[in-house]
Amino acid sequence: MSSTDETTTEVPEADSRDTTEGRVYTVSGGDWDDVLADAQHDERMVINMGPQHPSTHGVLRLVLEMEGETVTQLRSVIGYLHTGIEKNCEYRTWTQGVTFVTRMDYLAPLSTELAYCLGVEKLLGIQAPPRAELLRVLLLEINRIGSHLVYIATGGMELGATTAMTLGFREREEVLHLLEHLTGLRMNHAFIRPGGLAQDMPADFAEKVTEFCKVMDKRLPLYDKLFTGQPIWRNRLKDVGVLPLDACLALGITGPILRSAGLPWDLRKTEPYSRYDEFEFEVPTSTDADCWARYLIRVEEMHQSLKIIKQVLKKLEPGPVMVEDKKVAWPAQLSLGSDGMGNSLEHVRKIMGQSMESLIHHFKLVTEGFHVPAGQVYAPVESPRGEIGAHLVSDGGTRPLRVHMREPSFVNLQSMPAMSEGGLVADVIAAVASIDPVMGGVDR
């Protein structure tokens, strides 16, 4: 036997300490080693909150270092919902990319679609028709209401208010029914396309939207009765998860969290897009910078969204919902079949029988896609969670060279330690709920 075979590697023993009950060994591995190295004092303990925890607002893992009930250190661990959406977009045409990005923030898919499409349109040097721009605003504001309802529903449930869950999802169901009627899908619509919309609204959409507004005007005051004037809810959120304005600016925080600290920064007002400058609405703010202020702001934002929706219905005029350029318009003036999905037989007969050139053009447009001039752009949109921006790079081809989304949930999640350290472990739940992160957007 050679000398090398005889040598054995020494395995370090596990750390131990003597207690009144005997010797206790600490066995750890992975990132626990790093966490435990920070826990200098024996009276501190490290616990996992999530990723399969109903209180972490999704597939989020929080590693907490505790001293009694007080959080002394908090670390967010993400990546459990990673889907590679941005990289997938680089292997699809510009139009097919919409189908991917809509699945990032699955509570506000239309905001992500709009940011992406505005970027593509900026590269192409085109603008969607006026009717399409107004309908985009209509869809985004309906979607904003649905997203804020989920914040109240899940946030309430996480803090023990189970009625919030049943009420919030009851109202959200109204939102999803309406979006399904308008776009064909409850979620992940892929309805906003480069150049406009996939199709025009159904004939009865104005009546359906008006009815929705009436229902929401009647039901939203219930939330004030159930929560705003309720002392337990107020005490649970007041002075919890405080993040002052300077901390928000240092961390790049946007959305209701930033506005709760006193800065009225809303891209719909500060950098208007899609004709938002034509609407009258308020940007609610507060200077309390806590979970309570964020709750009040989101409730008020739902009222403001209803105001915008009603104004859109008054402004709408007949017209196209996709640019006229046949080299970009996809699908190219399709007429739907009776199933609401495929092309009607008349349309197929027309394309097949009218000219071989139109059939070839349609086939190439759908399979290869259109060419986008080389360049790079950044297009931001105010989503329910803050600034969502699409950074797109084109090399002149029919598919993106690079796609990167500036996702507000990902950025806002940085504020978790600042909000929670020094507070109680129960207040971590309130802080996570007030950030309202969507883990599909964080990990994407």
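The model is a predicted one, so local features are described at pLDDT of at least 70 and side-chain atom pairs at pLDDT 80 or more, while totals for chains, interfaces and linings use all residues. Residues are numbered from 1 along each chain as its sequence is written, and side-chain values rest on heavy atoms, with hydrogens and water left out.

To start with the overall picture, the protein has 19 helices and ten strands. Here helices (H or I, at least four residues) and strands (E, at least two) are DSSP runs, numbered from the N terminus. Of the 444 residues, 51% count as buried; buried means under 20% relative accessible area, exposed means over 50%, and partly exposed is in between, with a 1.4 Å probe and protein chains only.

Strands E4 (residues 61-67) and E5 (residues 70-77) run antiparallel and are joined by seven bridges; two strands pair if DSSP finds at least two bridges between them. Val63 has Arg75 in E5 as its bridge partner. Two residues sit between the strands of this hairpin, and Gly68 takes a positive phi near 70°.

Next comes the inside of the protein. In soluble globular proteins, nonpolar side chains tend to be buried together. A nonpolar core is a set of buried Ala, Val, Leu, Ile, Met, Phe, Trp, Tyr and Cys residues joined through side-chain atoms within 4.5 Å. The largest one here holds 111 residues, and the members touching the most others are Leu62, Ile145, Phe212, Tyr295, Leu392 and Met416. Helix H6 (residues 130-158) gives this core its largest share, twelve residues. Setting aside neighbours within four places in sequence, Phe212 is in contact with Ile145, Glu174, Val175, Leu178, Leu306 and Ile309.

Leu182 belongs to helix H7 (residues 162-183) and is buried, at 1% relative accessibility. Although Leu182 and Phe205 are 23 residues apart in sequence, their C-alpha atoms are 6.8 Å apart in space. Beyond four places in sequence, the residues that Leu182 touches are Leu139, Ile142, Phe191, Met201, Pro202, Phe205 and Val209.

Then there are the rings. A pair of aromatic rings is described by the distance of the centres and the angle of the planes. Rings of Phe, Tyr and Trp (its six-membered ring) pair if their centres lie within 6.5 Å; planes under 30 degrees apart count as stacked, over 60 as edge-to-face and the rest as tilted. Across the whole structure, eight aromatic pairs turn up. One of them is tilted because the rings of Phe227 and Trp233 have centres 4.8 Å apart and planes at 45°. Phe227 and Trp233 are both buried. Trp292 and Tyr295 also make a tilted pair, with centres 5.6 Å apart and planes at 35°. These two are three residues apart in helix H13 (residues 291-315), so about one helical turn separates them. Trp292 is buried at 4% relative accessibility, and Tyr295 is buried at 0%. Together, Tyr223, Phe227, Trp233, Trp292 and Tyr295 form one aromatic cluster.

Charges can meet rings too: a charge sits over a ring if NZ of Lys or CZ of Arg is within 6 Å of the ring centre and within 35 degrees of the ring normal. Lys269 lies over the face of Phe281, at 4.5 Å from the ring centre, and Lys315 lies over the face of Phe279, at 5.7 Å.

Some polar residues are tucked away as well. Asn412, in helix H16 (residues 408-412), is buried with a relative accessible area of 1%. A polar atom of the Asn412 side chain lies 3.0 Å from the backbone oxygen of Arg385. Ser274, in the loop between helix H12 (267-270) and H13, is buried at 7% relative accessibility. A polar atom of its side chain lies 3.1 Å from the backbone oxygen of Glu133.

Arg275, found in the loop between H12 and H13, has a positive phi of about 65° although it is not a glycine. Asp239 has a positive phi too, near 60°. Asp239 lies in the loop between helix H9 (231-237) and helix H10 (245-251) and counts as exposed, at 62% relative accessibility.

Definitions and conventions:
A polar contact is a pair of N or O atoms within 3.5 Å; within protein, one must be able to donate a hydrogen and the other to accept it, and residues adjacent in sequence count only if both atoms are side-chain atoms. Contact means heavy atoms within 4.5 Å.
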